[in-house]
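Take a look at the structure below. We will walk through it step by step.

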2 protein chains.
Amino acid sequence: MDIAALLTSAGINIAVCVVLFSLYSILRKQPSNVNVYFGKRLASRCSKSRDLCLDRFVPSPTWVMKAWETTQEEMLTTCGLDAVVFSRMVVFSIRVFSVAAVICTILVLPVNYYGRDRKHKNIPFESLEVFTIENVKEGSEWLWAHCLALYIITLTACTLLYFEYKSITNLRLLHITSSQPNPSHFAILVRGIPWSSDQSYCETVKKFFSFYHPSTYLSHQIVYKSGSVQKLKDDAEYMCKMLSSGCGSMEQTCKPSFAQCYFCGGSTNSFKIISNETDSIHGRTGYSDVHLNARKKECAAAFVFFKSRYAALTVAQSLQTSNPMLWVTDLAPEPQDVYWSNLCIPYKQLWIRKITTFAASVTFVLVFLIPVTFAQGLTQLDKLEKMFPFLTGMLQKKFVIQLVTGYLPSVILVLFLYVVPPVVMLFSTMEGCVSRSERKKSACSQVLYFTIWNVFFVNVFAGSVISQLAVFSSLTELPAQLAKAVPAQATYFTTYVLSSGWASLAFEIMQLFPLFCNLFQRFILGYNEDTMNGFLTFPYHTEVPRILLFGFLGFTCSILAPLILPFLLFYFVLAYLVYRNQILNVYIKKYDSGGQLWPIAHNTTVLSLLVAQVIALGVFGIKQSPVASGFTFPLLICTVLFHQYCRQRFLPIFKNNATQVLIDMDRRDERCGRMEQIYEQLSSAYCQFSSSDQSECFSSHQGEREDVRTPQDMEKANEMREDISWPPVIHSFDKPVKGGK
Amino acid sequence: MDIAALLTSAGINIAVCVVLFSLYSILRKQPSNVNVYFGKRLASRCSKSRDLCLDRFVPSPTWVMKAWETTQEEMLTTCGLDAVVFSRMVVFSIRVFSVAAVICTILVLPVNYYGRDRKHKNIPFESLEVFTIENVKEGSEWLWAHCLALYIITLTACTLLYFEYKSITNLRLLHITSSQPNPSHFAILVRGIPWSSDQSYCETVKKFFSFYHPSTYLSHQIVYKSGSVQKLKDDAEYMCKMLSSGCGSMEQTCKPSFAQCYFCGGSTNSFKIISNETDSIHGRTGYSDVHLNARKKECAAAFVFFKSRYAALTVAQSLQTSNPMLWVTDLAPEPQDVYWSNLCIPYKQLWIRKITTFAASVTFVLVFLIPVTFAQGLTQLDKLEKMFPFLTGMLQKKFVIQLVTGYLPSVILVLFLYVVPPVVMLFSTMEGCVSRSERKKSACSQVLYFTIWNVFFVNVFAGSVISQLAVFSSLTELPAQLAKAVPAQATYFTTYVLSSGWASLAFEIMQLFPLFCNLFQRFILGYNEDTMNGFLTFPYHTEVPRILLFGFLGFTCSILAPLILPFLLFYFVLAYLVYRNQILNVYIKKYDSGGQLWPIAHNTTVLSLLVAQVIALGVFGIKQSPVASGFTFPLLICTVLFHQYCRQRFLPIFKNNATQVLIDMDRRDERCGRMEQIYEQLSSAYCQFSSSDQSECFSSHQGEREDVRTPQDMEKANEMREDISWPPVIHSFDKPVKGGK
């Protein structure tokens, strides 16, 4: 492949991008598309209608200006910490690859180009390999340039990583302290409640915590087996029983299987909770049936609330009894973050689920090698001609050759990669994560390692499945193998950045799938109103791995084939604008993991640096430059030490909250006399059957579709339920929208 | 090597053992050796002198009877949980290898012997290889016997492991609950106290904990930079200053650099602590110097005491501030267990120390390959003849050949292995362990992996250093390589059990080094009294790896070369008697880790099973028996699942104390009104400069020599110090002896 072919490829992509971005800038101005491109504003009910004017059909760069101008503080308040962290990942990449691009253009590129005594053609017809390290002759004295560039890139990356980690840690602390009183700080999740034949889980929990933590225990809430059909049926049954047995003392019946009443206050709590005098209920035959049914539907899991954040933290962190499989305590996730259907999984199953999921994902990776190998095969034209003889004529044309070898393989790979996130999300769900953010984080790691493996390693070691694995089984030869293979594949990675990278951003901003759904609803089904009641949350599990993958490719290829850097830098700048626009306009924030994604980004970046250094070691070995190899080795050790230091210094804050911070918050709230109010809010915070129950399983590669009900829906639901009326429920129906702001 | 050679080797070893054991049974009756063979009784001051009679010079098996008859309960009360756990390791090995020996003799041995159509010689002249799996012909239908034996052995081992883990977990819980009030339950160790220019560490600690944990904080004790010479010098200086500046208000001066006063009570404590009114002292010029000196000598570490066990646990487990490198809290080790000189290591150094130590121990392993390769070379006689031509005549004799090939390599290996424990102990010390038991545990793991690597893998893959590493770099071929090499080396391992195993027990019981020291002192230096003031604690870091190594050899060789099993079984029975005798008579219990060694034993046993299964997979592959391979695979998976289950079910209890248990203990003590008494004991429990300071660095492969002072010493010291008198110190001087009981 020569420069001209690369530029052809870049031209195609730029054209596609310009068209799509222009189209976007028009489409977003159409009122009919407001729920596709302004889902976030719609959720917070501040969208304004536009008049019909010519301006609507002229492409304009206003969205670019808006995305560029928004400050971090604004993003933090409107979009949450996770969005800011994601944006910081992109900014970090822009910074580090700007430095890398400058250094490599000045230092490495000339050395590569003049690395061998040969007659140079005109630059447009020059092969791309002339610009890679392959062109440097063995034993060259100029390899110190590559080594120096590697040092500068590593130092820049580590310095930036350190300050980013520090600043994100501070943001996380700020997020914890400055946020509205967060119910999850006062709550813990208890699993593995022991089964007892003579009392319900509810009573067991109450007894245990009021015995062992009498001064701090506030109340608790049992988790029930869900399933919306089951719930409706039970509600109907309950209604029947109530009507048949006479509904005189309605207020007294908190306990039985009643959707809104899964909240039994402890003896010490200060809520206005309807007394759960089960004895009086037991007397009546009708109710005792109900009570038994309720017991059947209880899960061995509960949320337990404490009077202070510090108390909740200490209980959550400690081993409760001498059997570690019982009374397992963890900090509770945020109310909107809870993944209810996984709470009912018996704790004893979790370890085996984790192992099974791990085995399944390894199998998935191995099975996935088949399409990847096929896509890789496309770069070898002779094989293709053998398989499809009728293409022979077409494959003679130069343009077609460029298209097929430079463009098609990565398109096929991208299409196959679109299958991955839903499958991995399924694995994460099966694994038994108790919160949505944890599930996304787990899926994010899995997708990340999956793509790095499939895009980088499998492509580098092209060939049959067996030979790829054989390369990895011989660990000592890995650096040399990588050193041989990576520069040869650098061209492919450059086209991958062009095709997959740029196009993915264009598709991201176009929101093709929701757009077509919207068009279908409006023009085929004839809906006029904004009927879409599912809004999207940001698909961190696909976008974080994408950004990190391009970072990985950048680090590993930078000193070997510096030509990739300008394209990569362009990708990151575009990504910065596109993702900020999407975060500001499209995706809603339903829950916030508090920057839990940054450690993943940090670790992956360090891994990228290490792989780059190992490859450099191999290359310097092949090029017979012991000095350069010798200098690379301490760099490798220093990078490992840097990583260890960051693990010590910052990681614990992402795992646990600091006592000092929580105690300060507790005291502040006590001084302000806000505690009573917080306790009241707690009572309605975790509402299992209010929302987000039906749509849990729907997740696509584009984003997890969360069911935040529209105000109309909520009002209807409230009306229905207000007949049986229990005040806190109304609060809880409002919650999702409040949280989404 | 044939059966006769093996029996020769066994004969030599049995003779050596019988001689040594008889010698022991005589030597132990000599009053002059009482401090060699009854150090434990001497420490608890209940040794009785014997009269001179003929009985003293006749070998007798009374010690065997005594060791056999002692029950677990007696051992638990007199020797502590760690000793019981060690004894259970041996019992577990006896049980599992009894089953293995029976199964393998009935099932595997005949299959191996008649595995190939060949003319059998007389059994004594039969080569040992005829009894290994190498003799089974390829594609044999009888390989199911090996597979079945593997199943039975694995099942037995896992069942026994499960019940052992369960029972040891119960013993651990019993140890925690039933023991005397343990100061370490109320104390935490704080490291990384932030430096402040305007107040001492002592004040900082007091301020921090009385602000954030006002209701539970009791008091604290700063750790000082130690070094006995430094201390004596400072004491003398202090005395001078005191005398020169007039010693009117002696009682008021608690704070300055004064060996006994490293205990500043918090405002809420209930001890009778002399008030530390530093302001009044600051006024005088003489004292302010002293105060500054004291500040200089303070470390950024302290013991902080809490009012209840539960409070100490919660504080120890949580992250204190938003900087994880400051205010690092851990549960405190037992007073006798504290390794004082490591407490002063700045917490920030610890991570880099750990990495450095890891790198150092890897280097050590690699360097150690040189002597091992040499020892291995001895089995090849032709090489030896080339190196030492003058031996040619001798090496023709059959007996010498048997001796050199069967005996000498393992003796050389054993001698070299004696260097390992002190070096590894040094690594563990450098690593920064804060307690002696933790240091021993760390050393134990290191020695374990070291010996398994050097005895097993290096011997199996005999050859140059490079080729050994090359084998490991190719992971997929490992099972096949092991399958080829292990049966061939089984003979060597059998002789290793004979020579190293049996002899090590004989040397252990003889206590050669202390015996010679004693003889030297008595007959050369002419001491008459029991002047040895250092007693030995049990060298878990050498003996646990030894037991586990033989278990490893047993599991890996059992179905391949079943002839090793009877020798191994004999070893374990002998070990049971010898170690019990030593634990009962020789070694003192100074501290107790509460069974922390069992998880190491469990993990190693599971690892042994897995390695055995992988080797079996390889062997079945080589012998072309797909059925047997197919059946081995699920066994491998089930073993991994079993291990994971045990990790979930039992391991957390060895890492943390359960809240329930501690709260119950707190309440029990409160009901009994014992708390005040406990608080008083706490004040003197952790005494940095009372004992065990000078001899910290002395540790040998035989055991760590602990300095428990003799009563005379203590009285002298007390007299000296009583002049300046501060009551709790006297308690703390008594402690070590009390703890040793």
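Begin with one helix of chain B. The buried residues of H12(B) are Arg309(B), Tyr310(B), Ala311(B), Ala312(B), Leu313(B), Thr314(B), Val315(B), Ala316(B) and Gln317(B). That makes H12(B) mostly covered, with 9 of its 9 residues buried. What do the buried residues of H12(B) pack against? In chain B, they pack against helix H7 (183-186), strand E1 (187-191), strand E4 (298-306), strand E5 (328-331) and H28. They also pack against helix H12 (309-317) of chain A.

Keep in mind what kind of model this is. It is predicted. Its scores are ipTM 0.79 and pTM 0.81. Chain A has a mean pLDDT of 77, and 76% of its residues reach 70 or more. Some stretches fall below that. Over residues 246-288 of chain A, the pLDDT is below 50. Beyond near neighbours in sequence, the model still gives this stretch 75 contacts. The pLDDT is also below 50 over residues 691-741 of chain A. That stretch has 86 contacts in the model, again beyond near neighbours in sequence. Read both parts with care.

Now turn to where the chains meet. Here 31 residues of chain B are in contact with 31 residues of chain A. On the chain B side, the elements that give two or more residues are helix H12 (309-317), helix H14 (347-377), helix H26 (626-649), helix H27 (651-655) and helix H28 (659-672). Which of them gives the most? H26(B) does, with 5 residues. By class, the side of chain B that touches chain A has 16 nonpolar, 14 polar and 1 charged residues.

Next, look inside. The largest nonpolar core has 167 residues. Those with the most contacts inside it are Val190(B), Val205(B), Ala302(B), Val304(B), Val497(B) and Ile564(B). Helix H5 (residues 72-113) of chain B gives the most to this core, with 17 residues. The core draws at least three residues from each of two domains of chain B: domain 1 (3-178 + 411-653) and domain 2 (183-333 + 660-740). A second, separate core has 166 residues. Cys147(A), Phe567(A), Leu609(A) and Leu319(B) are among them.

Leaving out residues up to four places away in sequence, Val190(B) touches Val205(B), Ala301(B), Ala302(B), Val304(B), Trp327(B), Val328(B) and Thr329(B).

Phe555(B) sits in helix H23 (residues 540-558) of chain B. Is Phe555(B) buried or exposed? Phe555(B) counts as buried because it has 27 C-beta neighbours inside 10 Å. Leaving out residues up to four places away in sequence, Phe555(B) touches Ser608(B), Leu609(B) and Ala612(B). Compare Val111(B), 444 residues apart from Phe555(B) along the chain. The C-alpha atoms of these two are separated by 19 Å.

Now move to chain A as a whole. Chain A holds 31 helices and 8 strands. Of its 741 residues, 44% count as buried. Take the contacts in chain A between residues at least 6 apart in sequence: 82% of them join residues at least 24 apart.

In strand E2 (residues 217-224) of chain A, 8 of 8 residues are buried. E2(A) runs antiparallel to strand E4 (residues 298-306) of chain A, and 6 bridges join the two. Follow one bridge: Tyr224(A) has Glu298(A) in E4(A) as its partner.

Ile106(A) lies in helix H5 (residues 72-113) of chain A. Ile106(A) is exposed, because 12 other C-beta atoms lie within 10 Å, and a residue with 12 or fewer counts as exposed.

Finish with the backbone. Most residues other than glycine have a negative phi. Trp327(A) has a positive one, near 50 degrees. Trp327(A) lies in the loop between H12 and strand E5 (328-331) of chain A. Trp327(A) is buried, because 25 other C-beta atoms lie within 10 Å. Gln624(B) also has a positive phi, near 55 degrees. Gln624(B) is in the loop between helix H25 (597-622) and H26 of chain B. With 13 other C-beta atoms within 10 Å, Gln624(B) is partly exposed.

Definitions and conventions
Residues numbered from 1 in each chain as written. Chains lettered and ligands numbered in written order. Predicted model: local features only at pLDDT ≥ 70, side-chain atom pairs only at ≥ 80, totals over all residues. Helix = DSSP H or I, 4+ residues; strand = E, 2+ residues; numbered from the N terminus. Buried ≥ 20, exposed ≤ 12 C-beta atoms within 10 Å, placed from the backbone. Contact = placed C-beta atoms within 7 Å. Nonpolar A, V, L, I, M, F, W, Y, C, P; charged D, E, K, R; others polar. Core = buried A, V, L, I, M, F, W, Y, C linked by C-beta atoms within 7 Å. Domains from an automatic or database assignment. pLDDT = per-residue confidence, 0-100. Pairing = 2+ DSSP bridges.
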